[in-house]
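Here's a quick tour of what sits inside this protein. Have the structure open while you read.

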Amino acid sequence: MNDNAYIKLIEEISLNAWPSHKMELYDGWLIRFSHNYTHRTNSVTQVGASLIPVEEKIAYCEKIYENYHTPSIFKISPLLDPSFDRLLQDKGYEIQHITEVMTMDFRDFHPYPSVSAEYEYYGRNSGLPSFIVYPEDIIVFLQDRITDEWIHSLFRLNGTTNPTLRRIVPSMFKAIPKETIVASIEIDGRMVASGLGIMDRGHVGLYAIYVDASCRHKNFARAICSAILTEAQKKNADRAYLQVVQGNTYAKHLYSTLGFRDFYTYWFRVK
């Protein structure tokens, strides 16, 4: 598979992995709206061929987002003609959230070695262990579905306090149409680290990797990622991908040591 074909695949499965609150397909452009929860779920992504003139389409999208009372945002990937990016620049759109996509062949995977795993088969048909133990008594709990408790703990970790987002985002998580591996680390019954693996077409995507500020640099993120990736591999995934905001050097170092390599970069143009 050539690079452009593989970029197209990653773009498709990452769209599947992260549904928006509202979506509209418009002449090959996917207009996504989620009350500004993330740029990815609140932007225009080009997914097919276009027939309508581009200036007319941009104006249409701007009107849609104006009605939603949010900025117009367009995702710019390497699959697009560079002239579209220049056109938006000329219209006063600025670059935000430069994002680096990393991929990994599982033959290059270097997991954090686990100590043991506990399997409790009652009520669990996913084949996942209930938890995996790592050095320094790090225990990663695993589930096969996203629960309200996990989502609300995630809100605390990523600082989501807006009442509208706390109302709509749970339905976005629950709209994910693919098999999930949900990970957490708890201290005294309180989630201090999270992770989400989403399976699709022989791949697993890593999402929602957060660690409480009081627990950083203790290998919690390494354990979370290793647990998800190890279980995904058992489910016949042979490749993994993730997206990290440019400049997050600590995360990039972690992912590189696990076996991920840079693949391509995308960014957003914001009015």
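The charged end of Lys75 sits over the ring of Tyr266, 4.1 Å from the ring centre. Keep in mind that this is a predicted model. Another lysine does something along those lines: Lys57 lies over the face of Tyr26, at 5.7 Å from the ring centre.

Lys75 also turns up in the lining of the largest cavity, along with residues including Trp18, Arg32, Tyr207 and Phe268. That cavity holds about 80 Å³ of space, and a search of the whole structure finds one cavity of 30 Å³ or more.

Now for the rings. The whole structure has 17 aromatic pairs, and here are two of them:

| Pair | Centre to centre | Angle between planes | Type |
|---|---|---|---|
| Trp18 and Tyr37 | 6.0 Å | 65° | edge-to-face |
| Phe106 and Phe109 | 5.6 Å | 85° | edge-to-face |

Trp18 lies in the loop between helix H1 (3–17) and strand E1 (22–26), and Tyr37 in the loop between strand E2 (29–33) and strand E3 (44–46), so their pair ties together parts 19 residues apart in sequence. Trp18 is buried at 7% relative accessible area, and Tyr37 is buried too, at 15%. Together with Trp150 and Phe173, Trp18 and Tyr37 form one aromatic cluster. Phe106 and Phe109 are both buried as well.

Definitions and conventions:
Residues are numbered from 1 along each chain as its sequence is written. This is a predicted model: local features need pLDDT of at least 70, side-chain atom pairs count only at pLDDT 80 or more; totals for chains, interfaces and linings use all residues. Side-chain values use heavy atoms; hydrogens and water are left out. On a 1 Å grid over the protein atoms alone, a cavity is a set of points where a 1.4 Å probe fits but cannot get out, and a pocket is an open set with protein on both sides within 12 Å along at least five of seven lines; lining residues have an atom within 4 Å of a point. Grid points are joined across faces, edges and corners, and a volume is the space filled by probe spheres set on the points. Rings of Phe, Tyr and Trp (its six-membered ring) pair if their centres lie within 6.5 Å; planes under 30 degrees apart count as stacked, over 60 as edge-to-face and the rest as tilted. Helices (H or I, at least four residues) and strands (E, at least two) are DSSP runs, numbered from the N terminus. Buried means under 20% relative accessible area, exposed over 50%, partly exposed in between (1.4 Å probe, protein chains only). A charge sits over a ring if NZ of Lys or CZ of Arg is within 6 Å of the ring centre and within 35 degrees of the ring normal.
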